[in-house]
Amino acid sequence: MSERQKTALVCGAGGFIGSYMVRRLREEGYWVRGVDLKYPEFSSSAANEFIQGDLTDQIFVEKVVQFKGYAGNYYHFVASKYIETFDEIYQFAADMGGAGYIFTGDHDADVMHNSALINLNILDSVRKLNDFTGRNKTKIFYSSSACIYPEYAQMDVDNPGLKESDAYPAGPDSEYGWEKLFSERLYLSYSRNYDIPVRIARYHNIFGPEGTWTGGKEKSPAAMCRKIAELPPGGGTIDIWGDGEQTRSFLFIDECIEATRRLMDSDFEGPVNIGSEEMVTINTLADTAAKVSGKEITKNHIDGPLGVRGRNSNNNLIREKLGWDYTMTLEDGILRTYDWINAQVYKDTVMYHPV
């Protein structure tokens with residue numbers, strides 16, 4: 001660690017990826033402020049200072065981007081000459097969820113309004129603070145998504161892998177994807193016009209322990225693990241939306257964090273894919289979760305929101321620019337995730353059905 005401790009603001013620090021990033025930065029010696037509407041659900045935050053608040057509130061954001069010292073002086077008055085900018089900002093905050101939340105259409109207005117407003121507030125607050133302090137050092141990471149890719153390029157289950165250049169002509173399959181694409185351009189515009197350094201990654205289905213696993217906003221790996229964990233020891237039947245032949249690739253959370261840190265430490269702006277190229281069907285995903293659980297399952301295919309037919313990451317650009325590639329197999333990641341979700345299911349069962 002250098003003599004001067006580096007500082008970071010993690011927006012969305014109460015969420016899945018954000019809470020992992022806070023831990024990683026602390027391990028690297030950063031002073032970290034986390035901010036979110038809620039605290040992490042499954043573990044305490046590792047942040048030096050955690051501020052609970054609404055990033056759609058511009059006045060709140062203008063205050064939260066100010067670094068006032070290593071003592072953590074967010075709630076106290078500090079003379080303006082002591083106000084600094086953060087070295088890095090990690091922007092994970094968004095109104096989001098799994099297919100059951102994104103593709104029904106019921107939440108489109110909230111998804112677009114809330115997420116876009118958060119990004120506008122963060123960028124404009126940093127711009128104003130840069131003008132006030134006369135310094136422009138804050139590098140901002142923006143977490144985009146594979147959902148920005150056009151639907152017409154994802155109609156085949158044998159998707160060869162989405163290259164970054166495939167984003168245009170644009171045609172995402174959800175308002176969530178459209179908002180992410182808009183925000184990519186927003187960050188790049190602020191970089192061009194106000195010289196704010198940015199880094200942009202398109203995440204492909206990040207999963208792992210401590211992610212949302214129930215309630216309707218969980219992603220498919222967590223949903224499959226939960227459904228199987230809830231079965232009796234011998235196994236049983238689980239519901240799967242559609243025919244289960246739709247394809248995806250999934251990346252374990254630790255690998256996502258490593259790739260993101262490499263991107264932030266590089267001179268490469270992005271956007272760049274961060275994902276796995278191990279593409280599987282949803283049926284195979286269910287079979288993998290069943291395998292690590294030791295249970296036998298029967299699949300009951302039902303109607304439900306599906307998203308695109310086939311999606312896979314192409315990692316050629318990130319290998320070229322950052323020398324990064326994923327190393328964990330889907331089965332290894334699902335094993336770790338299943339063990340954690342199985343423990344959550346057991347705790348819920350004991351809590352609601354005491355012996």
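User: Are Phe141 and Tyr203 buried or exposed?
Analyst: Both Phe141 and Tyr203 are buried. Buried means under 20% relative accessible area, exposed over 50%, and partly exposed in between, with a 1.4 Å probe and protein chains only. This is a predicted model, where local features need pLDDT of at least 70, side-chain atom pairs count only at pLDDT 80 or more, and totals for chains, interfaces and linings use all residues. Residues are numbered from 1 along each chain as its sequence is written, and side-chain values use heavy atoms, with hydrogens and water left out.

User: How many aromatic pairs are there?
Analyst: The count comes to 16 aromatic pairs. Rings of Phe, Tyr and Trp (its six-membered ring) pair if their centres lie within 6.5 Å; planes under 30 degrees apart count as stacked, over 60 as edge-to-face and the rest as tilted. Phe141 and Tyr203 form a tilted pair, 6.0 Å centre to centre with 35° between the planes.

User: Which strands do Phe141 and Tyr203 lie in?
Analyst: Phe141 lies in strand S7 (residues 139-145) and Tyr203 in strand S8 (residues 198-203), so the pair ties together parts 62 residues apart in sequence. Helices (H or I, at least four residues) and strands (E, at least two) are DSSP runs, numbered from the N terminus.

User: What about Tyr142 and Tyr187?
Analyst: Tyr142 and Tyr187 form a stacked aromatic pair, 4.6 Å centre to centre and 15° between the planes. Tyr142 is in strand S7 and Tyr187 in helix H5 (residues 175-194), 45 residues apart. Tyr142 is buried, and so is Tyr187.

User: New topic. How many disulfides?
Analyst: The structure holds 0 disulfides, a disulfide being a pair of cysteine sulfur atoms within 2.5 Å. Cys11 is in no disulfide, and the nearest cysteine sulfur, that of Cys256, is 16 Å away.

User: Which residue lies over the face of Tyr20?
Analyst: Arg23 does, at 4.5 Å from the ring centre. A charge sits over a ring if NZ of Lys or CZ of Arg is within 6 Å of the ring centre and within 35 degrees of the ring normal.
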